[in-house]
Amino acid sequence: MASANTIELAQTGKRDELRELEKKYQARWAEERIFEVNAPPQDDLAGLSPAEIKEKYPKWFGNFPYPYTNGSLHLGHAFTISKIEFAAGFHRMVGKRVLFPHGFHCTGMPIKAAADKIIREIEMFGENFERFQPEQEPAPAAPTTTSDGPAKAVDKAKKGKVAAKATGLQYQFQIMESMGVPREEIKKFADPYYWLKYYPPICMEDNKLFGTRIDWRRSFITTDANPYYDSFVRWQMNKLYKLGKIKFGERYTVYSPKDGQPCMDHDRSEGEALGPTEYTGIKMEVLQWSPEAAQAIEGKVGDRKVYLVAATLRPETMYGQTNCFVGTAIKYGVFAINDKEAFVCTYRAARNMAYQGIMSVRGQVDQLLEVEGTALVGTKIKAPFSLNSEVYVLPMENVLPTKGTGVVTSVPSDSPDDFQTLTDLKKKPEFYKVDPSWVNVEPIPVISTPTYGEMTAPAVVKQLKIQSQKDTKQLAEAKEIAYKEGFYNGTMLVGEFKGLPVQEAKPRVREKLIEAGLAFAYAEPEGLIVSRSSDECVIALMDQWYLDYGEPTWRAQAEKLVAKMETYNVETRNAFEGVLAWLNKWACARTYGLGSKLPWDPQFLVESLSDSTIYMSYYTVAHLLQSKFDGSEPGPLGITADQMTDEVWEYVFNNGPWPEPAPMPREKADAMKHEFQYFYPFDVRSSGKDLIPNHLTFCVYNHAALFPEDKWPLSMRTNGHLMVNGQKMSKSKGNSMTMRQCVEKFGADATRLCLADAGDGIEDANFDEKTANANILRLHTLIAWCDENIQGKANLRQGEKNYHDIVFEHEVNDLIAKTKNFYENMQYKDALKYGFYELQSARDWYREVTADVGMHADLTEWWIRNAALLVAPIAPHFSEHVWSSILKEPKSSILDSAVYMRGTIKTMRDAELSLLKKMNKGKQGQATYDPKKPRAVRIYVTSAFPEWQDQCVQAVKEAYSAEHDRVDDQKVRELLTARGLIKDKRAMPFVQAFKKRMSQFGAQTAFNRTVPFSEVKVLHEILPYLKRTLGLEGAEVVLVEDARQKDLSTLTKALVDSAEPGNPAFEYYNV
């Protein structure tokens, strides 16, 4: 069903045809298990250096942040996944062992909180919610504060309920129904661990419909529900603790003064999953009270200095204060902080401060008097760090009593609200009852941004055509734009940190303000949190376990890692460096939710951003440890979770000493170590840019602490958020789509093409449904054209190539080179442009310019083959169909032929390099040609093996276990002895080479003694490339059977006889 913000497809016939093809090839890939990849056999790597392994057995390991498993994947997930998915496709094509895994994050509070809601709703409405009436809305008890203050209104709660009612999703069971869960099944979700079984299979199926190249054997869930992952997290936390990276101290937490204890999600009637928001409390000393305020305050504050206190998220903008705002409808208190200071703020803010060590007696709020906001207008105050040292208090209509302190610093250069309010006051001072001299100020440039210059707020206000402070909706949008632009792209224009990026200056300015006694750390709940005892909660400083991020030595390690790591663009690097400059202690434990217990203090759980920092290493061994994603059954090594002690993990990951007594046979741990050593470090991690300030930087810190440098991440790339049809994706706009909904609407390949076209930078990308819809027609038409021209190849022009043929060939070769370069740099929009759209434009031009004589048959087929190959990483179903059904290549052979192609070219290069080295040493001996002179090559290809090789293969086949995908070498030797081949010097080297072939093409293909593609066709494809890259005058492919009919020299005959299927022989000669 289309909304006003999405399109509806008028006809779906072509889409349905493409989807049927997609399902066909997805089923084939699943049956062939072609995305399951293992490290090469240990024997093959024995004695090789890391550089030699990289050269002979290249690998690529890419990953992305595993999604939280409380619902289906949405299109934003698909966008992030696509960056790794396209790269996986490309690196498979160039012959690498590609590892692309996918896990499921279940740690934290949301699942448990939602489960608890369902429990309460079952109590209210019955097991299947049969007693629920749509108009039913139980009246909650009014939240209270403790006895030292007045009761508080519940404006936000009522507003939330009205909003919920408007959408029809007031209750958790309604949300579950909207997500497609049958009502009779919802009661099962009262058990939080049921979520962990329900959603991962759905996520897997959605990915398979999308066509992802994921090795699902390596999937897992987090938390203690998976005993293997639980043991992994235990090792991680214990090691960090022993290294002194985890410490104990005060941290912010949600707290109920009435209950006298932390109020975690399950203790709340409102505000589940909300946490602290940390502000900077700005102290603005009163220099001269307004007459009305002076009268109210006289004799009530003693000798205390009085400060208006504002809570700001933007301390770096304090240089540009022009005034201070208060709400005209708000009542403020003057609160004694100690004997020397008093603060003016709301009672709600003072109550939070009482539990944060700001007031002299913890939990005690000493209110000296109450004063109306209107009475404070006209008061003169000191503005810390401002270029205007003295400013006035002015009225503002939009100040909220439920956020911050009720006092607002005004920086009109960078805050749209401040700028518009100041503009309104200047226009109508009499109406707002302000003295014109109080508002006789101009915005001060503080931050420069590339988009809006030195005056971001005025520019955004003008852009959005905001006329008044009453334009609250537009002002909210303007605030978000200005804040993001300033934070991510801004540069300081004034102050001690002039010239620094805002991300770097922000924490430094805050620190300077606090050091000078002009500010303090303040926190409050990010929204209304009400306990089940109807108490409005506060944020309190309490003792907690925390990771000591920011500690100088550890930070230096993290900075070294980032300096070595590829980030693909300067914005991502700058963001990492900025976060490393301010990131500080992080609480790593919680008492509520799902997760693994803190090993040395099991009353706590490891929180969700702390058990997800190095799990990429777990992917390398997961398939050996567990046979099911939840770890309920052991994997092929037969290891139990209790055998995975800290010492075993340390042995596997860090070459630690083998424990005695050993909990398992050492060879099992060696099998895991082998996989880890081969695949780690990961080559790239792709994520949204919003994870740089936490998850990605935590990943950096933890890798720096726990692994040696050669296992540190090689690269991380980030992308912006995904918009749909040019608008932010949201349910309220009606343009929110899950991955499955999008695939069902447009098909997998059309969706994938549109995601590739959406953008690759750190700025927000756009999924345009019209583009996705157009891709359906483009793919359908292209398939039909390819089929028509292959079927009618006999009717196309044959013989010598003309001028237009040669130009076309050169143009396509140029597009191939450009496309490859863009794939290598993960620039998929450009790879698609040149390898798909421009490629078709080149064909269109060629078809038009040769209309009188017709297209050349061989070139047309060559173009079709390239069209299938170049877009295969992005549109694999289309490519597979063209390759196997239209070009009639054996199934899934695109990948196999790419491996063969890469290996053949490398072998030919190596042969010449070896000869050149010998010549330089005067050892060329029997060389039949001089590689320094003009030369050509004959490539001898065969499809038959010698008899002695057939006997060796039969021995390997009899010693092979399909269940374990392993060859018993001892049995092979016994069988060769029985056949009289053990003394043949050719036998064992051939067996080792054959085992590599099994690893490369799969056991069954190897045993069939065939190459799963046409060697002759592939070699003909690469002849132009060979001639160009090796500087050859000529190159030809010769069948061994044909060569043997000729009178051959002894040396040439030996060469011809050495050719094997999949392993051609090369004969260079001078011309």
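Me: Which helices each supply at least two residues of the lining of the second largest cavity?
Reply: In this predicted model, they are helix H1 (13-32), helix H27 (769-791) and helix H31 (876-886), where a helix is a DSSP run (H or I) of at least four residues and a strand a run (E) of at least two, both numbered from the N terminus. Residues are numbered from 1 along each chain as its sequence is written. Since the model is predicted, local features need pLDDT of at least 70 and side-chain atom pairs count only at pLDDT 80 or more, while totals for chains, interfaces and linings use all residues, and side-chain values use heavy atoms, with hydrogens and water left out.

Me: And which residues line that second largest cavity?
Reply: The lining of the second largest cavity consists of Leu18, Leu21, Glu22, Asp749, Leu779, Ile783, His877, Phe878 and His881. A cavity is a set of points on a 1 Å grid over the protein atoms alone where a 1.4 Å probe fits but cannot get out, and lining residues have an atom within 4 Å of a point. By class, 5 of these are nonpolar, 2 polar and 2 charged, with Ala, Val, Leu, Ile, Met, Phe, Trp, Tyr, Cys and Pro counted as nonpolar, Asp, Glu, Lys and Arg as charged, and the others, Gly among them, as polar.

Me: New topic: how do the axes of H18 and H20 cross?
Reply: The axes of helix H18 (residues 502-515) and helix H20 (residues 570-582) come within 8 Å and cross at roughly 10°, with axes taken as lines fitted to C-alpha atoms over the stretch in contact and angles running from 0 to 180 degrees between N-to-C directions. H18 and H20 are therefore roughly parallel to each other, as angles under 35 degrees count as such.

Me: Which residues make the contact?
Reply: On H18 they are Gln503, Glu504 and Pro507, and on H20 they are Ala575, Gly578, Ala581 and Trp582, contact meaning heavy atoms within 4.5 Å. Sorted by class, this contact has 4 nonpolar, 2 polar and 1 charged residues.

Me: What about aromatic pairs, how many turn up?
Reply: The whole structure has 73 aromatic pairs, meaning rings of Phe, Tyr and Trp (its six-membered ring) whose centres lie within 6.5 Å, with planes under 30 degrees apart counted as stacked, over 60 as edge-to-face and the rest as tilted. Among them is the edge-to-face pair of Phe132 and Phe173, at 5.2 Å centre to centre and 80° between the planes. That pair links distant parts of the chain, 41 residues apart, with Phe132 in the loop between helix H5 (110-125) and helix H6 (155-167), and Phe173 in helix H7 (residues 172-178).

Note on methods. Angles under 35 degrees count as roughly parallel, over 145 as roughly antiparallel, 65 to 115 as roughly perpendicular and the rest as oblique. On a 1 Å grid over the protein atoms alone, a cavity is a set of points where a 1.4 Å probe fits but cannot get out, and a pocket is an open set with protein on both sides within 12 Å along at least five of seven lines; lining residues have an atom within 4 Å of a point.
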